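Good morning, and thank you for making time for this presentation. I would ask you to keep the sequence and the structure in view while I speak.

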Amino acid sequence: MIEIKNVGMKFNLGIEKDNSLKMMFIRLFDKKRRVKKSDFWALKDISFHVNPGDVVGLIGSNGAGKSTLLKVVSGVLKPTEGTVEVNGVISPMIELGAGFDADLTARENIYLNGAILGYSKSFLDSKFDEIVEFSELKDFLDVPVKNFSSGMVAKLAFSISTIVEPEILIVDEILSVGDIKFQEKSKNKMMSMIKGGTTVLYVSHSLDSIKELCNKAIWLENGKLVMAGDVDEVCNAYYNKIMK
(Lines give C-alpha, C1' and ligand atoms only; values in the text may rest on other atoms or scores of the structure.)
Protein backbone atom coordinates (compact mmCIF):
# COMPACT_ATOMS: atom_id res chain seq x y z
CA MET A 1 0.00 0.00 0.00
CA ILE A 2 2.79 2.44 1.01
CA GLU A 3 6.46 1.82 0.22
CA ILE A 4 9.10 4.26 1.48
CA LYS A 5 12.66 3.62 0.30
CA ASN A 6 15.72 5.58 1.49
CA VAL A 7 13.77 8.83 1.72
CA GLY A 8 15.58 12.01 2.68
CA MET A 9 14.17 15.53 2.94
CA LYS A 10 16.57 18.47 3.00
CA PHE A 11 15.75 22.11 3.72
CA ASN A 12 17.99 25.14 3.36
CA LEU A 13 17.54 27.30 6.45
CA GLY A 14 19.58 30.28 5.25
CA ILE A 15 21.22 31.56 8.42
CA GLU A 16 21.53 35.18 7.28
CA LYS A 17 18.77 36.66 5.10
CA ASP A 18 19.08 40.40 5.78
CA ASN A 19 20.38 42.02 2.56
CA SER A 20 19.98 45.64 3.68
CA LEU A 21 22.73 48.18 2.97
CA LYS A 22 23.51 48.27 6.70
CA MET A 23 24.00 44.48 6.91
CA MET A 24 26.10 44.47 3.73
CA PHE A 25 28.41 47.04 5.33
CA ILE A 26 28.62 45.04 8.57
CA ARG A 27 29.42 41.80 6.73
CA LEU A 28 32.17 43.60 4.80
CA PHE A 29 34.11 44.02 8.04
CA ASP A 30 32.80 41.02 9.95
CA LYS A 31 33.38 37.77 8.08
CA LYS A 32 31.47 35.82 10.70
CA ARG A 33 28.28 37.65 9.70
CA ARG A 34 28.56 36.76 6.02
CA VAL A 35 25.72 34.83 4.46
CA LYS A 36 25.95 31.12 5.00
CA LYS A 37 23.86 28.28 3.73
CA SER A 38 22.69 25.76 6.27
CA ASP A 39 21.36 22.45 4.99
CA PHE A 40 19.03 20.74 7.42
CA TRP A 41 17.97 17.14 6.87
CA ALA A 42 14.47 16.79 8.35
CA LEU A 43 14.47 13.16 7.18
CA LYS A 44 17.41 10.93 6.33
CA ASP A 45 17.46 7.38 4.90
CA ILE A 46 13.90 6.46 5.93
CA SER A 47 12.60 3.11 4.72
CA PHE A 48 9.46 1.20 5.73
CA HIS A 49 6.43 -0.60 4.29
CA VAL A 50 2.76 -0.24 5.22
CA ASN A 51 0.34 -3.03 4.33
CA PRO A 52 -3.34 -2.48 3.45
CA GLY A 53 -5.37 -2.12 6.64
CA ASP A 54 -2.37 -1.28 8.83
CA VAL A 55 -2.79 1.52 11.37
CA VAL A 56 0.67 2.92 11.94
CA GLY A 57 1.51 5.41 14.68
CA LEU A 58 4.45 7.78 14.25
CA ILE A 59 6.11 8.75 17.51
CA GLY A 60 9.12 10.84 18.50
CA SER A 61 10.01 14.13 20.13
CA ASN A 62 9.22 17.55 18.66
CA GLY A 63 11.25 18.08 15.49
CA ALA A 64 11.81 14.36 14.95
CA GLY A 65 10.43 14.58 11.38
CA LYS A 66 6.98 13.05 11.89
CA SER A 67 4.92 15.79 10.23
CA THR A 68 7.46 16.15 7.44
CA LEU A 69 7.17 12.44 6.72
CA LEU A 70 3.37 12.70 6.53
CA LYS A 71 3.69 15.56 4.03
CA VAL A 72 6.11 13.50 1.92
CA VAL A 73 3.74 10.51 1.88
CA SER A 74 0.79 12.81 1.08
CA GLY A 75 2.65 14.35 -1.86
CA VAL A 76 2.71 17.82 -0.31
CA LEU A 77 6.52 17.67 -0.28
CA LYS A 78 8.75 15.98 -2.83
CA PRO A 79 11.62 14.14 -1.12
CA THR A 80 15.16 15.28 -1.80
CA GLU A 81 16.20 11.67 -2.24
CA GLY A 82 14.63 8.23 -2.20
CA THR A 83 11.26 7.06 -3.48
CA VAL A 84 7.68 7.09 -2.21
CA GLU A 85 5.13 4.68 -3.68
CA VAL A 86 1.51 5.01 -2.60
CA ASN A 87 -1.24 2.79 -3.99
CA GLY A 88 -4.62 4.17 -3.02
CA VAL A 89 -6.63 7.36 -2.62
CA ILE A 90 -5.25 9.54 0.19
CA SER A 91 -7.15 11.84 2.52
CA PRO A 92 -4.57 13.99 4.34
CA MET A 93 -5.58 15.66 7.60
CA ILE A 94 -2.35 17.47 8.32
CA GLU A 95 -3.17 21.16 8.66
CA LEU A 96 -6.90 21.39 9.25
CA GLY A 97 -8.41 24.52 7.74
CA ALA A 98 -5.37 25.31 5.58
CA GLY A 99 -7.60 25.54 2.49
CA PHE A 100 -10.14 27.90 4.03
CA ASP A 101 -10.73 31.52 2.99
CA ALA A 102 -11.15 33.45 6.24
CA ASP A 103 -13.39 36.06 4.61
CA LEU A 104 -15.88 33.47 3.39
CA THR A 105 -18.63 31.94 5.51
CA ALA A 106 -18.62 28.39 6.81
CA ARG A 107 -21.20 27.49 4.16
CA GLU A 108 -19.01 28.86 1.37
CA ASN A 109 -15.89 27.21 2.77
CA ILE A 110 -17.57 23.81 2.78
CA TYR A 111 -17.78 24.05 -1.02
CA LEU A 112 -14.36 25.70 -1.40
CA ASN A 113 -12.51 23.20 0.78
CA GLY A 114 -14.50 20.32 -0.65
CA ALA A 115 -13.49 21.35 -4.17
CA ILE A 116 -9.83 21.48 -3.08
CA LEU A 117 -10.20 17.93 -1.79
CA GLY A 118 -11.63 16.88 -5.15
CA TYR A 119 -15.34 16.63 -4.27
CA SER A 120 -17.90 17.67 -6.88
CA LYS A 121 -20.61 20.23 -6.11
CA SER A 122 -23.32 17.62 -6.51
CA PHE A 123 -21.53 15.37 -4.02
CA LEU A 124 -21.16 18.22 -1.54
CA ASP A 125 -24.83 19.10 -2.00
CA SER A 126 -25.78 15.55 -1.07
CA LYS A 127 -23.46 15.53 1.96
CA PHE A 128 -23.98 19.11 3.11
CA ASP A 129 -26.41 18.36 5.95
CA GLU A 130 -24.21 15.51 7.15
CA ILE A 131 -21.14 17.78 7.25
CA VAL A 132 -23.05 20.47 9.16
CA GLU A 133 -24.50 18.00 11.65
CA PHE A 134 -21.14 16.42 12.41
CA SER A 135 -19.41 19.79 12.77
CA GLU A 136 -22.03 21.06 15.25
CA LEU A 137 -21.87 24.47 13.53
CA LYS A 138 -25.44 24.77 12.21
CA ASP A 139 -25.94 28.15 13.90
CA PHE A 140 -22.73 29.56 12.40
CA LEU A 141 -23.07 28.60 8.73
CA ASP A 142 -23.30 32.19 7.51
CA VAL A 143 -20.59 33.57 9.77
CA PRO A 144 -17.19 34.37 8.19
CA VAL A 145 -14.57 31.83 9.25
CA LYS A 146 -12.28 34.66 10.40
CA ASN A 147 -14.66 35.02 13.36
CA PHE A 148 -14.34 31.33 14.30
CA SER A 149 -12.22 30.02 17.14
CA SER A 150 -9.43 27.61 16.20
CA GLY A 151 -11.55 24.76 17.58
CA MET A 152 -14.50 25.71 15.35
CA VAL A 153 -12.25 25.84 12.29
CA ALA A 154 -10.85 22.40 13.13
CA LYS A 155 -14.35 20.99 13.59
CA LEU A 156 -15.45 22.23 10.18
CA ALA A 157 -12.29 21.02 8.45
CA PHE A 158 -12.46 17.58 10.08
CA SER A 159 -16.12 17.20 9.11
CA ILE A 160 -15.36 17.98 5.46
CA SER A 161 -12.24 15.80 5.28
CA THR A 162 -13.95 12.70 6.70
CA ILE A 163 -17.15 12.86 4.66
CA VAL A 164 -15.79 9.99 2.57
CA GLU A 165 -13.82 6.97 3.73
CA PRO A 166 -10.52 7.01 1.82
CA GLU A 167 -8.24 4.05 1.23
CA ILE A 168 -5.42 5.84 3.08
CA LEU A 169 -5.89 8.32 5.92
CA ILE A 170 -3.04 10.64 6.94
CA VAL A 171 -3.64 12.12 10.40
CA ASP A 172 -1.51 14.65 12.27
CA GLU A 173 -2.61 15.33 15.87
CA ILE A 174 -6.23 16.03 14.93
CA LEU A 175 -7.90 14.01 17.68
CA SER A 176 -7.15 16.84 20.13
CA VAL A 177 -9.21 19.44 18.27
CA GLY A 178 -12.38 20.97 19.63
CA ASP A 179 -13.98 20.24 22.99
CA ILE A 180 -14.00 16.90 24.79
CA LYS A 181 -17.29 15.86 23.20
CA PHE A 182 -16.01 16.53 19.69
CA GLN A 183 -12.70 14.80 20.44
CA GLU A 184 -14.61 11.66 21.36
CA LYS A 185 -16.75 11.93 18.23
CA SER A 186 -13.62 12.40 16.10
CA LYS A 187 -12.03 9.33 17.63
CA ASN A 188 -15.16 7.27 17.01
CA LYS A 189 -15.23 8.44 13.40
CA MET A 190 -11.61 7.42 12.95
CA MET A 191 -12.27 4.04 14.59
CA SER A 192 -15.15 3.49 12.18
CA MET A 193 -12.83 4.17 9.23
CA ILE A 194 -10.20 1.83 10.66
CA LYS A 195 -12.76 -0.96 11.10
CA GLY A 196 -13.79 -0.38 7.49
CA GLY A 197 -10.28 -1.28 6.34
CA THR A 198 -8.79 2.19 5.87
CA THR A 199 -4.99 2.25 6.08
CA VAL A 200 -3.85 4.95 8.52
CA LEU A 201 -0.68 6.88 9.28
CA TYR A 202 -1.22 8.66 12.58
CA VAL A 203 0.98 11.15 14.43
CA SER A 204 0.38 11.78 18.12
CA HIS A 205 2.35 12.60 21.26
CA SER A 206 -0.11 10.49 23.24
CA LEU A 207 1.28 6.98 23.56
CA ASP A 208 -2.04 5.83 25.01
CA SER A 209 -3.80 7.02 21.85
CA ILE A 210 -1.20 5.34 19.64
CA LYS A 211 -1.58 2.06 21.51
CA GLU A 212 -5.36 2.23 21.40
CA LEU A 213 -5.67 2.91 17.68
CA CYS A 214 -2.59 1.41 16.04
CA ASN A 215 -1.24 -2.07 15.41
CA LYS A 216 2.23 -0.86 14.39
CA ALA A 217 4.47 2.07 15.28
CA ILE A 218 7.44 3.91 13.81
CA TRP A 219 9.82 5.82 16.08
CA LEU A 220 11.65 8.76 14.52
CA GLU A 221 14.35 10.87 16.15
CA ASN A 222 16.35 13.68 14.53
CA GLY A 223 14.97 12.71 11.14
CA LYS A 224 16.11 9.10 11.38
CA LEU A 225 14.20 5.86 11.91
CA VAL A 226 15.05 4.44 15.34
CA MET A 227 12.64 1.50 15.49
CA ALA A 228 9.61 0.09 13.65
CA GLY A 229 7.31 -2.82 14.40
CA ASP A 230 4.71 -3.94 16.95
CA VAL A 231 3.04 -0.91 18.53
CA ASP A 232 3.54 -2.01 22.15
CA GLU A 233 7.21 -2.89 21.66
CA VAL A 234 8.04 0.38 19.91
CA CYS A 235 6.05 2.57 22.31
CA ASN A 236 7.54 0.88 25.37
CA ALA A 237 11.07 1.27 24.01
CA TYR A 238 10.43 4.95 23.29
CA TYR A 239 8.93 5.54 26.74
CA ASN A 240 11.84 3.83 28.50
CA LYS A 241 14.30 5.91 26.48
CA ILE A 242 12.76 9.32 27.18
CA MET A 243 12.13 8.55 30.88
CA LYS A 244 15.76 7.68 31.63
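In what order do the six strands of the open sheet stand? The order is 5-6-7-3-8-9, and the pairing is mixed. Strand 5, residues 90-93, and strand 9, residues 224-230, stand at the edges; each has a single partner strand, so one side of each is left without a neighbour in the sheet. On average, neighbouring strands here are turned by 15° against each other, direction ignored. Please bear in mind throughout that this is a predicted model.

The protein has eight helices and nine strands. It contains 244 residues, of which 41% count as buried. The accessible surface comes to about 13000 Å², and carbon and sulfur atoms account for 52% of that surface.

Strand 7 comprises residues 199-203 and runs parallel to strand 6, residues 168-172, with five bridges joining the two. Within this pairing, L169 stands opposite V200, and D172 stands opposite V203. Strand 3 also runs parallel to strand 7, and four bridges join them.

Are the residues of strand 7 buried or exposed? Five of its five residues are buried, and the strand is mostly covered. T199, L201 and V203 point one way from the strand, whereas V200 and Y202 point the other way. The residues on both sides are buried.

Which helices lie on this sheet? Helix 2, residues 66-74, lies across strand 3, strand 5, strand 6, strand 7 and strand 8. Helix 2 runs at about 155° to strand 6. Helix 8, residues 231-242, also packs on the sheet, where it touches strand 3, strand 8 and strand 9. The direction of helix 8 makes about 135° with that of strand 9.

Helix 3, residues 106-116, can be described in a similar manner. Its buried residues include A106, N109, I110, N113 and G114. Why are these residues placed on the same side of helix 3? They are so placed because the arc they cover around the axis is only 130°. What do the buried residues of helix 3 pack against? Their partners are helix 4, residues 121-135, and helix 5, residues 150-161. Just after helix 3 comes G118, with a positive phi of about 95°.

Three strands form an open sheet in the order 2-1-4, with antiparallel pairing. Strand 2, residues 39-50, and strand 4, residues 81-86, are the edge strands, and each pairs on one side only. Neighbouring strands of this sheet are turned by 25° against each other on average, direction ignored. Strand 1 and strand 2 pair over eight bridges in the antiparallel sense, and K10 stands opposite W41 in strand 2.

N6 is found in strand 1, residues 2-12. Its phi is near 50°, a positive value in a residue other than glycine. With a relative accessible area of 43%, N6 is partly exposed. The second residue, N222, lies in the loop between strand 8 and strand 9. The phi of N222 is near 55°, again positive in a residue other than glycine. N222 counts as exposed, because its relative accessibility is 63% and the cut-off for exposed is over 50%.

Thank you for your attention; I welcome your comments.

Notes
Residues numbered from 1 in each chain as written. Predicted model: local features only at pLDDT ≥ 70, side-chain atom pairs only at ≥ 80, totals over all residues. Heavy atoms only, no water. Pairing = 2+ DSSP bridges. Axes fitted to C-alpha atoms, helices over the stretch in contact; angles between N-to-C directions. Contact = heavy atoms within 4.5 Å. Buried < 20%, exposed > 50% of the residue type's maximum accessible area, 1.4 Å probe, protein only. Areas by Shrake-Rupley, 256 points an atom, 1.4 Å probe, with all protein chains shown as cover. Arc of directions from axis to C-beta.
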